[in-house]
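Please look through the model below, first at the loops and then at the helix packing.

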Amino acid sequence: MIQIGALRVSFERREIQRNGLVVRVGARAFDVLEVLYRANGAVLSKDAIMDAVWPGAIVEENRLQVHVAALRKLLGEERDLIKTLAGRGYMLVVRQPPEGGAPQAGHSTAAAVPPPPMPPLPPMRIAPLIGREAEIARIVEQLEHVAVTTVVGAGGIGKTSLARHVAREMQGRHGRAVCFVELNKASSRESMLATLAEALDLQSESGVPGEDAICSAVAASNGLLVLDNAEHVIDEVASFVDTLVARHHGARLLVTSREPLHIRAETVLRLEPLAVPERGLSVDAILAHSAVALFLHRARALAPDCARDEASVALVAEICRRLEGLPLAIELAAARVATLGVEGVASRLDDRLNLLTGGLRSILPRHQTLRATFEWSYMLLDSASRIVFRRSGCFAGTFTFEAVCAVTAEPGMSIAVIVSSLSELATKSLLNVEFRGAIAVYRLTESTRAYALEKLRDEGESQGVATRHVRYMRKRIEENGPFVAQPEHDCADVSARLSLDDARNAYDWAFSDDGDKVLGVALAGALVGTLLSASHVQECRQRAQRALAALDTLPAGSVDAVCEMKLCAAYATSLLHVGDDMGQAVALWERVLRLARAADDGEFAADALWGLWNTMQSSGDIHTSMRYATRFQHAAASCDSPWRRWLAEQTIAISLHCCGEHEQARERLERTVEAFTTLGHNVPSRGWLTVYPLIYARGTLARIALLQCQPAKAMQLVESTLELIRSDALEPSLSHVLAVVAVPIALDCGEEQAAANYLALLRSQATSHRLEIWLDYAECLAAKRDMLGGRPQAALERLEPTLQRLASRGFRRVVTPFVVLHAQALAHAGRFEEARARLDDALVNARANGERYFAPELQRARGWLELRRASQRGTPVEETTRREEAGRRLLGEAVSMARADGAPLWELRATLDLAAFELDNGETARAAAALEGLAGLRAELALAAGAPDYQRLIALTKALQAQGTPRAERLAPQ
């Protein structure tokens, strides 16, 4: 037997042993080993080997490669005994025999000198790599199985640092030789080969060693070849790597580039930004994110005491979010902390290209500033891709292929060129591609966009591109329509949803000093409806107000009437929720009505009538609102829209409810609910219809159910109404329903926890969306809770300033209950004259404006106030008698009014006030007689056991029973 490395081979017995044990190998592989051995160290061509092993047969070369690979696997650590010589063939390394002995495999003969081994990895000081542990482990594991791994990512993402750490890991832990080649100075195939030869320590008398010699050297070393920064010679590197892998299947290469090689043997690892924290996290959670850890590591190396408090850590998180986890940008920003502090860096990120400079001197020049990093990639683009890239900077958020064609493309630029440019930008990591279902959308990072805009300015294209952008955004929104605030609508058009950020950006430019106000007003007309439908009520008010102010300075006819009507309608609608003057909203809707009639636009005229009805409802003018409801119904009858006709029916029903016609209103509203449910998607996408009609109808039905002493039904309607509100279009629908329906009904039904939850949500929503009206309303509802909890002074402190603000804004929608609360709180404080004046004023206004809904409650409060004053110590007997008589009369009138209106809740409260007064004055018979009048309500009242009014009734009946009042047993609710 002969020795080949650790193997003992008998060609006679065709047997191979390792450590005394027979190992198995295929017959053809054994034949290849014998042919190589008998060549005695000579190089055999592939054809010679295949002719010897497969005589007379036509064999593909890869079959030989498979058997050579099997032999190398068998040799294990001595796999290099079988050498591949590029372009020549294979050889088995043998050693010179001892004198008189046979040759043995294992040492080279003088005639077959292998190429020199890879030079050792030069000493490098490698900084800690934060947040890339998983990527290092993945690449190291991958290199054991695949020939080529290409790390791809944007400039500054950390590809070189990652490659250095992988190289160290492969060399230190896995014992593999590593050659790290920096290609940053290479500019051609020749210079690339020269760089490789220098790194491999290859020399040639004829100059730069050729590709064959370099491939042979890499193959002979059996090490890892790292090619760093390959993007600027990507074609040359791809060709070399493809050749190397084809000749030497055992080769292992790690390539870093801003784009892949696009060869068959390549496995791509796209390096993503570091993890950045979301808003609202705790300090510990923020510190756990790798982007923040990198920032603090770099910043504290220069300023050890920086960012030690909670506020500073939160600012660091914001910086990392705005830099979108890009390691280079984070390191450059952190380096500025020593000079500017964390707050200074955060406040200057809008000028990031000038701020983020001064990288380490030891790194490449293009990594020493953020601008230089982008410049490197930009210069690698062809001319068409440069045009598309810099003009894409006008898009603030995600954008579609259609937007690219409309805004960035040169006239006459073909679709194929645009597709190719987008592909190149994505390949070079300058453009992010995302998918929304089947639709591809694009996005520039904030830093990349800053550079694109700078190049746009440098080329003098800013004005023209911005103008095209504004026109495109207006067209896009008008074609897709604003979002529709209805639960069935899913806003399936991705491009419509994506337009909002860019429309804002286009609007801001149009109204800037360099912009075009005519285009801006036209865009605003399209934008404001979308803002309303997307819950941006305050923003809608601001943008509509600015556009209308600009419109009033433009020559007549600069903008069409439809645009002007849209602006006025959206502005008027937003005023009802953000806390401005109701009178201004009326004037705006009247302006819409005039314009619509002049343009013979029946639909807009109908919308204006609905808007006037809604505004009059909010200002408490029920008489006028009913007139507008009637006019709207007449206008809707002439429109070819079932939806609009049912909306008109609803306005009539709600006005009837406010006039005290609750049963008729209920019947009409139930019909409209059924109709709107059936109509489903067939709802016009008018942004100023901020509260979806079905929500409006069910909310009003919930109030009527409560008035009719059906609290279980009322709460059920509250819950079903809230379920109708879509999560992507909450405001102002949600605040309206919570304030006017959910919270007050829950309080009156004794559902304290539900009321608390609804009130907390109302405050949160109104605060985040800056809906001042509903914030004031939340304060009034909190005052009601205070009163029910026996804290009249706390209620008084809330109500006085809040009601004053609501009155100054002209907002009186469902405010009368808070006026009653205020009067009661004043009475508890002994301020009787103020309380009486408040109630008298409210009653006068209600009569003047036709508001009958709360009239019984106002009358009840006046009677309660007279009886309370009569009970005060020191009141003269004559005055006491007069006030008692007035109180009983007013409470009796309240009961009669409530019965006439079909509002048993008001009847119950007036009756309880009278019975409680009589009982307190020892008039048990009168108290019992008053409660006996509620006999017809007891069945319904039994359903509201937790309600405050019901609890009062229980307490009174028990008190009468305790005093042995005749017929007291019959007074208890069933």
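S535 counts as buried because its relative accessibility is 5%, where buried means under 20% relative accessible area, exposed over 50% and partly exposed in between (1.4 Å probe, protein chains only). The residue sits in the loop between α21 (517-533) and α22 (537-551); helices (H or I, at least four residues) and strands (E, at least two) are DSSP runs, numbered from the N terminus. S535 is not a glycine, yet its phi is positive, about 75°. Most residues other than glycine have a negative phi. N229 is another non-glycine residue with a positive phi, near 65°. N229 belongs to the loop between β11 (224-228) and α8 (234-247), and at 4% relative accessibility it counts as buried.

The model is predicted: local features need pLDDT of at least 70, side-chain atom pairs count only at pLDDT 80 or more, and totals for chains, interfaces and linings use all residues. Residues are numbered from 1 along each chain as its sequence is written, and side-chain values use heavy atoms, with hydrogens and water left out.

The chain has 974 residues, of which 57% count as buried, and it contains 42 helices and 16 strands. Contact means heavy atoms within 4.5 Å. Among contacts between residues at least 6 apart in sequence, 66% join residues at least 24 apart.

Leaving aside residues up to four places away in sequence, E375 touches Y451 and K455. E375 and K455 are 80 residues apart in sequence, and their C-alpha atoms are 9.7 Å apart. With 28% relative accessibility, E375 counts as partly exposed.

Helix α26 (residues 622-637) packs on helix α27 (residues 642-658) at about 160°, with the axes 9 Å apart. Axes are lines fitted to C-alpha atoms, for helices over the stretch in contact, and angles run from 0 to 180 degrees between N-to-C directions. The two helices α26 and α27 are therefore roughly antiparallel, the term for angles over 145 degrees. Residues in the contact include I622, M626, A629 and F632 of α26 and L647, A648, T651 and I652 of α27.

In helix α30 (residues 711-723), 13 residues at 1.5 Å each should span 18 Å, and the end C-alpha atoms are 18 Å apart, which agrees; the expected span is 1.5 Å times one less than the number of residues. Buried residues of α30 include P711, A714, L717 and T721. The buried residues of α30 pack against α29 (693-707), α31 (733-748) and α32 (752-768).

Technical notes:
Parallel < 35°, antiparallel > 145°, perpendicular 65-115°, else oblique.
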